[in-house]
Amino acid sequence: MSIAKALLGLEDHENICSQLLSFFCAILPEQTTGFVPPGLSFLAKFWQDQMDDVLQSARTIIKSTLDRLSPAACLQIALYWSAFLNSKFRSKYLAIMVLGILGSEKPTSLPPALSGQVTTELLDLLFRPSENLKDPTKWRAPAIEMFAKGFETWSQHIPDITSVIQKLFSSRILSSLGLSKSAYHAVLFVGARVPKAFNDSINKRLHQLILPGLVG
């Protein structure tokens, strides 16, 4: 998409890129015998990308791919990647991304126990100190978006959602995310889904900022 944009110029690129996505996401799979969809693990690497065209294209293809999979196929993918949650570093992070995407787009594809485990891993990515997380910006930005998009699924496994919201809206977390506009929108989206916890978090934060000045 980015190459097409550069070659075609600003006037036509949106229309042409849309046609290219339609071709790869709809026409090609339907007209190709034995078509093999792109791997989710490969596409998940581009869920968060510095180039917006790459990011949006990857997400469009991911959604198209998942929409064509049967529930049984989605479950099979989920069970396969669940084994990597106990691995180290990159394999584990990639597994969290793939399972986070599945849980966000196709929540019924994750068994309850696995859904709870993914919830724990997403929260760990969000709240673990940056010094203990390899490449925190790269992994935290997509984690917050997946947490927001699949919030109804993940929240079922969080006993104290107010505490999580308070942590999420702390200045330390927001500043450490390093974030794109889409990630900030995701944070606000979470707040909109649980307005009471959001309001309590904002009030607590204001109290922390204002009270010391009043007392002093």
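Here are some notes on this predicted model, for someone meeting it for the first time.

1. Ground rules. This is a predicted model, so local features need pLDDT of at least 70 and side-chain atom pairs count only at pLDDT 80 or more, while totals for chains, interfaces and linings use all residues. Numbering runs from 1 along each chain as its sequence is written, and side-chain values use heavy atoms, with hydrogens and water left out.

2. Confidence. The score here is pLDDT, the predictor's confidence in each residue, from 0 to 100. The protein has a mean pLDDT of 76, and 64% of its residues reach 70 or more. Helix H1 (residues 2-8) is where confidence is lowest, with a mean of 49, and helix H5 (residues 71-82) is where confidence is highest, at 93.

3. Overall make-up. You'll find 13 helices and zero strands; these are DSSP runs numbered from the N terminus (H or I, at least four residues, for helices; E, at least two, for strands). Of the 216 residues, 38% count as buried, where buried means under 20% relative accessible area, exposed means over 50%, and partly exposed is in between (1.4 Å probe, protein chains only). Take the contacts (heavy atoms within 4.5 Å) between residues at least 6 apart in sequence: 65% of these join residues at least 24 apart.

4. H7 against H10. Helix H7 (residues 112-127) packs on helix H10 (residues 161-168) at an angle of about 35°, and their axes are 11 Å apart. Axes are lines fitted to C-alpha atoms, for helices over the stretch in contact, and angles run from 0 to 180 degrees between N-to-C directions. The crossing is left-handed, that is, the near helix is turned anticlockwise from the far one by less than a right angle (clockwise would be right-handed).

5. Who meets whom there. H7 brings Leu123, Leu126 and Phe127, and H10 brings Val164, Lys167 and Leu168. By class, this contact has five nonpolar residues, no polar ones and one charged. For the classes, Ala, Val, Leu, Ile, Met, Phe, Trp, Tyr, Cys and Pro are nonpolar, Asp, Glu, Lys and Arg are charged, and the others, Gly among them, are polar.

6. The structure holds five salt bridges, each a side-chain nitrogen of Lys or Arg within 4 Å of a carboxyl oxygen of Asp or Glu. One of them joins aspartate 67 and lysine 63, at 3.3 Å from N to O. Both residues sit in helix H4 (residues 52-68), four residues apart, about one turn of the helix. Aspartate 67 counts as partly exposed at 44% relative accessibility, and lysine 63 counts as partly exposed at 41%. Lys63 and Asp67 are also linked with Lys106 in a network of salt bridges.

7. H8 to H6. Lysine 149 and glutamate 105 meet through their side chains in a salt bridge of 3.8 Å, N to O. Lysine 149 is in helix H8 (residues 136-149) and glutamate 105 is in helix H6 (residues 89-105), so this pair ties together parts 44 residues apart in sequence. Lysine 149 is partly exposed at 46%, and glutamate 105 is partly exposed at 22%.

8. H9 to H12. In the salt bridge between glutamate 152 and arginine 193, the closest N and O atoms are 2.3 Å apart. The pair links distant parts of the chain, 41 residues apart: glutamate 152 in helix H9 (residues 151-154) and arginine 193 in helix H12 (residues 181-193). Glutamate 152 counts as exposed at 53% relative accessibility, whereas arginine 193 counts as partly exposed at 32%.
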